[in-house]
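Today I want to see how the two chains meet.

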Amino acid sequence: MKKLYPITLSRALSRALSSSSSSASAQSTAFPLKHVTKGNFESALAELRRHVAAADFVAIDLEMSGVTSAPWRESFEFDRSDVRYLKVKDSAEKFAVVQFGVCPFRWDSSKLSFIAHPHNFYVFPRQEVQIDGPSYEFLWQTTSIEFLAKYQFDFNACIREGISYLSRGQEKEALRRLSIAYEDELSDTWCNMKEVKDIPINRMADVLFAERIKNRFSEWRDGLLQDRNGGSQLQWNSNDSKQQFQTVFFKMRPALNLTSFTSHQFRLIQLVINKHFKDLSYVRVNGDDLCSQQLVVYTESKDEKVLLMKEVKDENRRVAEMKIQAAIGFRHVIDLLSSEQKLIVGHNCFLDIAHVYSKFIGPLPSAAEEFVSSVNKYFPHIVDTKILLNANHVLQQRMKKSSTSLSSAFALLCPQISVSAKSTGLTFQQCVQVEVQVDDMRSSNWDSGAKHEAGYDAFMTGCIFVQACSYLGIDFKLHSPSENLAHNEKLCKHVNHLYLSWINGDIIDLSTGNKVAELFGTNYFKKKYPNILFENIVLIWGFPSKIKAREITESICKVFGLTSVTSVYHLDETAVFVQFSKPEFVSDFLLLKETLEKSDGPISVLHPLAKLLEGGNTHAGNYETYKEICSSPISKVLFANQAEAVGIKWKREAVEPKIAVERKEHTSFWEENAVNNSTKSSEKSKQGKVHNAKKDMLCGNYEIIDSLNAAEVNQIRTNNL
Amino acid sequence: MAPLPHLLQRRFLCQKTHTTNKWKTVKQVTKSNFADTLSDLKIHIAESDFIAVSLQRTGAVSAPWHRVLPFDTPDTAYSKSRHAADRFQLLQFAVCPFSITSASKLRAHPYNFHLFPRDELKIGMPSYSFSCQTSYLTTMAKEGFDFNACIYDGISYLSRAQESAARVRIGNPTAIPHVVKSSSKPSVADAVFIERIKSRVKYWRNACKDTSSKTDEALVRSLRKIVLGSEEHGSRPCINIDVCSERQVQLVLEMLEEFSDELVPLIIPGKGGAAQEVRVILTSSKEDKVLFQKELQNIEEEQNKKVRGFREVIDLISASQKPVVSHNSLNDFTFIHSKFLAPLPPNFDEFMCTLRLVFPHVLDIQQLMKEIGPLRKVTNIPTAISYLKDHFFAPIDMEILHEDTVNEGKIHGHNVLSISHLFAKLCSILKIAPIQSDNKNLVPALEKYANILTPCSLSPQESTDEDIRVWTNNTRKVNCEHLVFLWGFKRGMTAGMLKSLLQGSHDVFSKEFDVRLVDKSCAIVVFWKPGLSETFMDLISSKEICGSLGEMVSEGLRAARYGTYKKVCRLGILEADLARSLDKALEEPDCLWQGDSETNPLEVYWYSDSIINFDDL
């Protein structure tokens with residue numbers, strides 16, 4: 001299913017190409033990428049701090065465990081920007097980041113070259129801190145694993161050695177839970193004791209155990225007291241006891257270290273101590289490692305006992321806090337990038353940024369506006385190389401015949417680095433040199449030998465950025481190290497512009513949250529796709545599986561007129577979008593459907609829509625319904641099942657569609673150019689042609705059926721006139 | 001049969017290596033040795049009386065209360081298991097055909113299959129995506145599980161339902177075994193159709209056979225091909241005949257049968273699964289025809305292997321109709337059903353129906369354990385083993401028969417050996433002679449344990465047979481009607497505190513009642529006196545509520561009947577906190593579902609000795 005992964009797949013294909021050609025080359029220097037796992041994270045981080053501080057920009061790239069949680073969650077041209085954001089949000093929330101490439105680039109004015117330090121971090125969301133709440137869970141997309149496997153991704157390294165992390169949100173939450181627990185424990189000390197007393201010892205084994213333990217403790221305590229009075233040493237009578245009770249000193253007080261008891265026995269011990277010994281206290285000390293110590297400590301007075309308990313609790317809290325600190329892990333890298341305020345460079349990186357946000361900052365906001373303004377706070381300057389490649393005339397010409405996928409752009413723009421492009425014989429006058437440094441090794445035509453990993457992709461992204469900058473007229477020789485690249489006048493108009501959807505050519509400005517028109521009106525995509533009128537769209541799902549799109553169109557046209565349906569688009573095999581020529585038709589259709597379902601007289605059986613409604617599982621809603629279904633955390637493979645899982649209430653909502661449509665129209669927060677009634681009919685006719693031509697390419701197994709033949713176009717014209 | 005001395009020697013070796021190498025004898029199966037292993041397994045299954053299974057999943061429950069709890073009815077327990085089976089994936093599937101030859105002798109053939117839901121046919125199956133719990137993956141990593149090997153060499157599969165969908169989707173040509181003559185008389189249109197096709201085929205065949213054309217130039221040859229519509233199927237010439245209906249397919253096949261015996265028809269399915277065209281292949285002779293048909297058969301078998309993959313093992317087990325032994329069978333069989341049979345049905349009864357058709361006898365170790373000890377203590381395999389070791393003397397002589405006994409590297413799937421071992425031990429303790437007299441039926445002594453999948457609740461067999469409930473000492477049966485879920489109380493409250501708070505709050509609590517915490521957010525209250533739960537529910541929703549109970553309600557205390565909990569499970573609203581799930585379920589509009597399940601109130605068990613301890617479950 002090629003259409004699933006427009007980005008990854010094209011990358012995969014070109015990767016495959018470049019890998020086959022590069023193997024023939026012997027010129028490149030081969031030394032491995034800097035791989036970072038749990039083991040060398042501390043040292044790598046310290047080094048990275050230096051490199052980032054000195055860098056002019058930092059390129060990043062992520063490898064994820066998947067992209068879409070269901071086929072219908074892929075990017076479609078029928079996605080409004082808010083829906084597109086919801087899809088990205090769903091992806092970032094469900095899938096894990098398994099590799100994170102970070103590559104700082106520094107301009108070396110003495111060598112007139114950039115120095116790149118590619119780092120490849122293995123990341124794995126291991127649950128290091130035991131806070132209650134749901135267990136960590138993430139989704140794998142089978143095709144994505146196969147993709148990673150094809151490029152020899154090391155899953156063992158990722159799962160066993162991957163660096164875990166806590167987002168800022170998780171850290172805060174962990175600390176909050178910790179302090180609540182701490183306060184609870186402090187205030188509930190007496191309460192707890194009472195609680196312990198509540199448990200009756202009624203099993204014979206428990207009674208015997210409690211009695212034995214009681215004797216043991218009193219012996220020990222008496223021994224201590226005698227010892228102080230110059231009495232004899234206490235003798236344990238069995239080896240077993242020696243192992244289970246070990247006399248130690250705890251905070252300068254005599255104590256017994258208890259080992260190899262079951263949790264039930266510990267509970268009984270605690271009970272016995274609280275009940276029978278005023279001068280002994282039972283404490284649990286959490287060590288730095290995972291194990292905790294169980295102790296019975298002797299205290300001389302009640303005050304001392306209270307003091308001891310407080311000390312123990314503070315100690316436990318400190319240890320727990322340290323654990324939380326240690327669990328931050330990979331987020332240190334993100335914090336570093338954020339605090340240095342460096343220019344971040346990615347390739348088609350909206351999804352990457354969403355992942356960074358949800359993994360390392362906090363839960364993704366429900367609306368794109370909020371997300372964008374929040375991202376801007378953490379990363380004020382982000383450049384998307386895909387934007388650059390499509391924004392400049394010169395670059396566009398260079399790239400014309402090839403795709404703007406990462407590796408093909410790399411091969412085209414950086415032939416001196418990319419080995420795969422050598423054979424094409426393309427040379428450019430302006431080539432910025434890039435030298436790679438991994439630990440102590442340096443090279444100016446570097447071939448990692450471990451290609452197609454996040455670290456290498458980040459490196460490629462950075463190289464493309466450097467060349468693209470030079471095409472934009474930025475001369476790095478004149479560039480002073482103190483100046484922030486992001487403020488460069490030639491670059492700044494592209495900064496913070498990201499493709500929200502590559503398919504639609506939707507660009508979002510991170511600093512303002514607005515949608516941006518592409519800089520060059522000549523965008524390929526504007527022509528390719530017609531304006532979609534979201535308010536004219538009705539979504540139908542759950543219809544009998546044998547029904548073809550053409551039949552749906554026909555039956556609707558029989559009711560609403562020949563020109564009523566502009567286009568039909570299959571979301572998946574269980575759902576279609578039907579775009580009407582007028583927004584009123586949406587509510588009319590929903591009302592009619594409802595009426596037909598209610599009556600079971602001959603009219604409903606003979607009605608043209610009867611075929612569509614056959615089986616009684618056919619549901620319909622407007623575009624807002626679609627948005628709501630997209631926003632659900634559930635992901636069923638088929639859309640009809642998804643809609644059912646989200647709630648059957650949609651069926652009922654359709655009773656008052658007019659109100660719903662009106663009300664919901666105002667809630668859409670973006671100014672939609674698309675929601676524009678003055679669309680010219682000529683554009684619509686173009687849509688028909690384009691759709692037919694692109695039919696196979698876009699839809700894989702499904703069909704787009706366009707009812708617009710020439711005669712109908714004429715009719716629309718006359719209608720509109 | 002192996003000669004006796006040899007057998008003895010092997011047994012001797014087995015015993016010698018008992019402690020160290022015993023688990024090394026689980027045969028590890030991946031893509032590369034799957035085909036070979038399958039034939040061995042087939043023999044071993046035929047020779048054995050029982051088949052033990054054990055599954056390694058990528059996750060189980062996201063929150064403690066998602067486990068099957070003592071107060072779950074079969075339906076709620078099933079819903080919970082179903083929720084997990086739908087989301088998580090199987091990475092290992094251990095199968096162990098075994099026999100208990102005498103009271104203390106166990107012969108086992110353990111296999112561990114490594115699975116990965118690879119999309120072998122590029123049709124988006126068996127699994128678009130699956131969930132993983134990081135804790136599960138971490139534990140597996142600690143045990144030395146090789147994820148790379150699993151992903152690269154794991155065996156893929158398709159469920160039975162997926163296979164039929166895939167056949168349509170792949171659209172491979174299918175051969176027709178033999179044509180059954182249709183009884184209906186051909187109409188005029190049919191006759192015209194037949195004549196047209198007949199002449200076309202005839203012309204084409206003659207042209208193909210015409211040796212004179214072989215000398216033609218390439219251009220002429222290709223022109224001729226276009227005119228005739230002749231194509232090639234492998235090395236043989238063929239012609240495609242478009243058909244519009246099944247009727248036309250039938251007509252074409254009948255015509256071909258009569259026409260010539262050198263022709264082999266294949267049906268090319270269209271998108272919808274219906275035939276789109278008939279491909280007629282010309283074979284050069286009778287021998288060639290046989291050869292070609294054999295080729296087709298091989299291709300089909302190859303295809304089947306590719307399509308079914310690991311499911312062949314499931315089909316083998318099912319076909320043998322032998323009893324399947326498992327620990328925690330509800331979880332295992334919901335996974336088996338969803339991955340290898342079909343998507344899970346919405347309710348427990350349907351699930352049991354389809355499952356019984358495939359696996360007539362399912363035996364759960366936990367059901368046998370119930371006989372001899374309190375269930376709560378022995379819910380996992382190691383504790384069960386140590387419990388038996390501490391309480392009973394029942395030595396089992398385990399004999400593992402594999403040709404290549406020592407594997408290299410890490411060994412997985414030894415749980416399946418523990419299960420067979422436990423089963424043998426339990427049979428010996430319970431004085432059950434598990435020797436199968438015939439394959440179709442279980443020995444009567446085991447019959448009463450069969451097909452009880454939910455560990456905690458009542459099953460039809462149980463409620464009729466009073467004798468086997470030996471563990472009622474610390475459990476009490478309670479009707480779901482008398483249970484009320486409470487949440488929204490102060491955080492950190494214990495069951496005891498809550499009980500004492502409630503006790504003084506209202507008259508309703510003056511009679512005997514009990515409180516247990518389900519999780520930190522939610523408690524379950526049982527009113528032992530009938531009718532009081534209704535009184536309480538009326539009270540809590542009324543406006544006149546006052547006193548300390550009123551205070552608690554104003555602070556956010558909420559309550560719901562057992563029906564709401566059922567709804568939570570049925571709709572799969574499994575949030576981390578039960579309280580949130582119940583809140584959500586109350587927001588959901590009540591729909592059609594309500595009627596049927598409410599009418600037959602079920603009874604669940606109430607453990608009266610202590611709180612529900614999740615560590616033990």
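**Chain A against chain B**

I started with the charges: A:E137 forms a salt bridge with B:R87, and the closest N and O atoms are 2.5 Å apart. I keep in mind that this is a predicted model. The count of salt bridges between chain A and chain B is 1. Polar contacts came next, and I got 19 residue pairs between the two chains, both residues at pLDDT 80 or more.

Then I looked up which elements of chain A do the touching. β7 (137–141), α4 (142–150), α5 (155–161), α6 (168–187) and α7 (189–198) each supply at least two residues of the side of chain A that touches chain B. β7(A) gives the most to that side, with 5 residues. I also sorted the residues on this side of chain A by type, and they divide into 19 nonpolar, 9 polar and 12 charged.

Next entry: strands. I found that β7(A) pairs with strand β6 (residues 129–133) of chain B in the antiparallel sense, over 5 bridges. I looked up A:Q141 too, and its bridge partner in β6(B) is B:S129.

Last, the totals. The contact takes 40 residues from chain A and 37 residues from chain B. Between them the two chains bury about 3,400 Å², with 52% of it on carbon and sulfur atoms.

How values were computed:
Residues numbered from 1 in each chain as written. Chains lettered and ligands numbered in written order. Predicted model: local features only at pLDDT ≥ 70, side-chain atom pairs only at ≥ 80, totals over all residues. Heavy atoms only, no water. Contact = heavy atoms within 4.5 Å. Buried area = accessible area lost by both parts, 1.4 Å probe. Salt bridge = Lys/Arg side-chain N within 4 Å of Asp/Glu carboxyl O. Polar contact = N/O pair within 3.5 Å; in protein donor to acceptor, adjacent residues only side chain to side chain. Helix = DSSP H or I, 4+ residues; strand = E, 2+ residues; numbered from the N terminus. Nonpolar A, V, L, I, M, F, W, Y, C, P; charged D, E, K, R; others polar. Pairing = 2+ DSSP bridges.
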